[in-house]
Structure formats: C-alpha cells, structure tokens
Amino acid sequence: MLSHNSQFEKRFFKKMSNFFALSMTKFFRLIADTFFAKRYGHRAIVLETIAGVPGMVAGTWIHFKSLRKMETGYGPMIRELLNEAENERMHLMFFIEITKPNVFERWLVLFSQGIFWVFYFILYVFFPKTAHKMIHYFEEEAVKSYTEYLHMVETGEVENVSAPQLAIDYYKMKKNAKLSDLIKKVREDEQHHSEINLKYSEK
Ligand SMILES: [Fe+2]
Ligand SMILES: [Fe+2]
C-alpha cells in the first residue's frame, strides 16, 4: 500500500502532467488558429505532417525498449503506434490531393518537424504518460477541427469535391464518395487515436 505522502506525490505529479499536456495543446491550437484560421484544407495538410511524428517516435522508442529489456509483450503497443503514424501519413496524402500547400507552408512543415521531433522524443523518453496525454488532447482538437471543416463542406462554404481515389481505396468507400465522406472517416481515425493515447497515458 502507498503511504499518504507518496499518494499525494502521485496525485500532484498527475495534475502537473495534465496541466502541461493541456497547456501545450492550447499553445499549439493558438498557433494553428493564428496561421490557418478557417483554411481547413491547408490546416489539415500542415497538421497531419506533425501528427505523423509522435506514433513513429513512440513506436521506435518502445521497440528499442523491448530490445534492451529482452522482453516480449510490447508488440501490440508498437504496432498500434506505428499504425497511428502510418494512418496520419495517409491523411496527409488524401488532403494533398485536395489542397496544395504554398511555399511558406512547406517551410513551416520543415521547421516544425525538426523542432517537434526532438521535443517529442525528449518528452517521451522522460515522461511517456504526459506525452500520450498531450497527444490525446491534440487528437481531441483534431476531431473538433474536422467537425468544423465538415460543417463548412456540408453548408456549401467549401465545395464538396470528389474524394481522391487513394482515399476511396484505403477506406473502401463507394466510388462516388465525396470530401464530406472522407472527412468523416478521417475524424473517426482521430477519435481512435485520442482513445488509444488516453489509454496509454493511464497505463
Ligand atoms: Fe490525422
Ligand atoms: Fe490523429
């Protein structure tokens, strides 16, 4: 049984961890809102290039951990995290067919990938639960953003163009699937990432 003091420390650390994860999410949300406002196509492209980072960093780290410890049992988590990274990369490939990023956005991607990769790696090595909690919040924001994007498409503010063939094949959607169908599928993926990362943050 934990002593009163260590229970207090545990609760305090959990609160701090949550505060950090939430603050980082608000900070990144503010940056995204400032840069993109309602240009959801562009927003999706740039943010999906970032979203593809955490799963790969965490998956690689857990893979190495399994090698170092010479222990089994890490397989499902490694596969889930690498699948998340692959899934985010596919999101990018779908939206790149719909909107093309400008030169400034390409530079922004290059710059943010460098920074975010290192930042997330350090965070993951020392505070993996906080890292997963942060991604849980990021994914919740992604669900909100895709809901807003979907609303604009459904109300005609953004043209409901045909979904790219790559997305139709990937999700096995009907041949005449539209952008609105694609956004719903992507949003489901983000919801899944959110739940998985919440689970890992509590393990
Ligand atoms: Fe995504
Ligand atoms: Fe996601």
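This is a predicted model: local features need pLDDT of at least 70, side-chain atom pairs count only at pLDDT 80 or more; totals for chains, interfaces and linings use all residues.
At 1.5 Å a residue, α2 with its 30 residues should span 44 Å, and its end C-alpha atoms are 43 Å apart, which agrees. Past the end of the helix comes M70, a residue with a positive phi, near 55 degrees.

Along the principal axes, its C-alpha atoms fill a box of roughly 60 × 35 × 30 Å.

How do the helices come together? Among the contacts with a separation of 6 or more, 76% are between residues 24 or more positions apart. Of the 203 residues, 28% are buried.

In soluble globular proteins, nonpolar side chains tend to be buried together. Here, the largest nonpolar core has 32 residues, and those with the most contacts inside it are A58, Y124, A131, M134, Y146, L182 and I183. Two or more residues of this core come from each of α2 (40-69), α3 (75-96), α4 (103-126), α5 (128-154) and α7 (179-202). The helix that gives the most is α2, with ten residues. What does A58 touch, leaving aside its neighbours within four places in sequence? The residues in contact with A58 are then L81, Y124 and A131.

The helix α7 also gives residues to the core. It has 24 residues and reaches 35 Å from its first C-alpha to its last, close to the 34 Å expected at 1.5 Å a residue. Which of its residues are buried? They are L179, D181, L182, I183, V186, D189, E190, H193, I196, N197, Y200 and S201. An α-helix has 3.6 residues a turn, so residues three or four places apart point the same way. The buried list includes L182, V186, D189, H193, I196 and Y200. The buried residues of α7 pack against α3, α5 and α6 (165-171). Two of the residues with the most contacts inside the largest nonpolar core, L182 and I183, are among the buried residues of α7.

Methods:
Residues are numbered from 1 along each chain as its sequence is written. Chains are lettered from A and ligands numbered from 1 in the order in which they are written. A residue is buried if 20 or more other C-beta atoms lie within 10 Å of its own, exposed if 12 or fewer, and partly exposed in between; C-beta atoms are placed from the backbone. Two residues are in contact if their C-beta atoms, placed from the backbone, lie within 7 Å. A nonpolar core is a set of buried Ala, Val, Leu, Ile, Met, Phe, Trp, Tyr and Cys residues joined through C-beta atoms within 7 Å. Helices (H or I, at least four residues) and strands (E, at least two) are DSSP runs, numbered from the N terminus. The expected span of a helix is 1.5 Å times one less than its number of residues.
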